[in-house]
Amino acid sequence: MPEINTDNLDKQQVQLLAEMCILIDENDNKIGAETKKNCHLNENIEKGLLHRAFSVFLFNTENKLLLQQRSDAKITFPGCFTNTCCSHPLSNPGEHEENDAIGVRQQHRGV
């Protein structure tokens, strides 16, 4: 994956890359936060920097998988066909509560 160059990005893409992801250790314990951009830099990936992310795989009743083709303007894997949907839980207080996945539920409800 090529390094992330933000020189030709629009303002919204730059803002999205500044969002803070939840850093984790190899046992999925929270250990801090870092920007999406820094989480996706090859040099950090090679050092073992891990962050929470999720993927959705949506199948219909015929077991056909809905794929997305990523925009050519995306920073990571532009133009590639990938899972149905993916994203990152962000490092904000509403998503930090882990008991019974309360943080995920609060985010889902828009709290």
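**Strands, charges and surface**

Visitor: Which residue in E2 is the bridge partner of Ile22?

Guide: This is a predicted model, and we can begin with strand E1, which covers residues 20–24. Five bridges join E1 to strand E2, residues 30–35, and the two run antiparallel. Within this pairing, the partner of Ile22 in E2 is Ala33.

Visitor: Which residue in the turn of the hairpin has a positive phi?

Guide: E1 and E2 form a hairpin, and five residues lie between the two strands. In that turn, a positive phi of about 65° belongs to Asp28.

Visitor: Which residue in E3 does Ile24 stand opposite?

Guide: E1 is also joined by two bridges to strand E3, residues 50–51, and these strands run antiparallel. In E3, the residue that stands opposite Ile24 is Leu50.

Visitor: How far from Asp25 is the nearest side chain of opposite charge?

Guide: Asp25 lies in the loop between E1 and E2, where its side chain reaches the backbone nitrogen of Asn29 at 3.0 Å. A salt bridge requires a nitrogen and an oxygen within 4 Å, and Asp25, although buried, has none. The nearest side chain of opposite charge is that of Arg52, at a distance of 7.6 Å.

Visitor: With which residue does Arg52 form a salt bridge?

Guide: The closest N and O atoms of the pair are 2.8 Å apart. The pair links distant parts of the chain, 24 residues apart, with Arg52 in the loop between E3 and E4 and the partner in the loop between E1 and E2. That partner is Asp28.

Visitor: How many residues apart in sequence are the parts that Glu19 and Lys36 tie together?

Guide: Glu19 forms a salt bridge with Lys36, and their closest N and O atoms are 2.6 Å apart. Glu19 lies in the loop between helix H1 and E1, while Lys36 lies in helix H2, so the pair ties together parts whose separation in sequence is 17 residues.

Visitor: What is the area of the nonpolar surface patch that includes Phe57?

Guide: Phe57 lies in the loop between strand E4, residues 54–56, and strand E5, residues 58–59. Together with Phe59, Leu65, Leu67 and Phe81, Phe57 makes a nonpolar surface patch of about 540 Å².

Note on methods. Residues are numbered from 1 along each chain as its sequence is written. This is a predicted model: local features need pLDDT of at least 70, side-chain atom pairs count only at pLDDT 80 or more; totals for chains, interfaces and linings use all residues. Side-chain values use heavy atoms; hydrogens and water are left out. Buried means under 20% relative accessible area, exposed over 50%, partly exposed in between (1.4 Å probe, protein chains only). Helices (H or I, at least four residues) and strands (E, at least two) are DSSP runs, numbered from the N terminus. Two strands pair if DSSP finds at least two bridges between them. Patches are made of residues with over 30% relative accessible area and no salt bridge: like charges are joined within 9 Å, nonpolar side chains (Val, Leu, Ile, Met, Phe, Trp, Tyr) within 5 Å. Accessible areas come from the Shrake-Rupley method with a 1.4 Å probe; for residues, only the protein chains shown count as cover. Lys and Arg count as positive and Asp and Glu as negative; His and the chain ends are not counted. A polar contact is a pair of N or O atoms within 3.5 Å; within protein, one must be able to donate a hydrogen and the other to accept it, and residues adjacent in sequence count only if both atoms are side-chain atoms.
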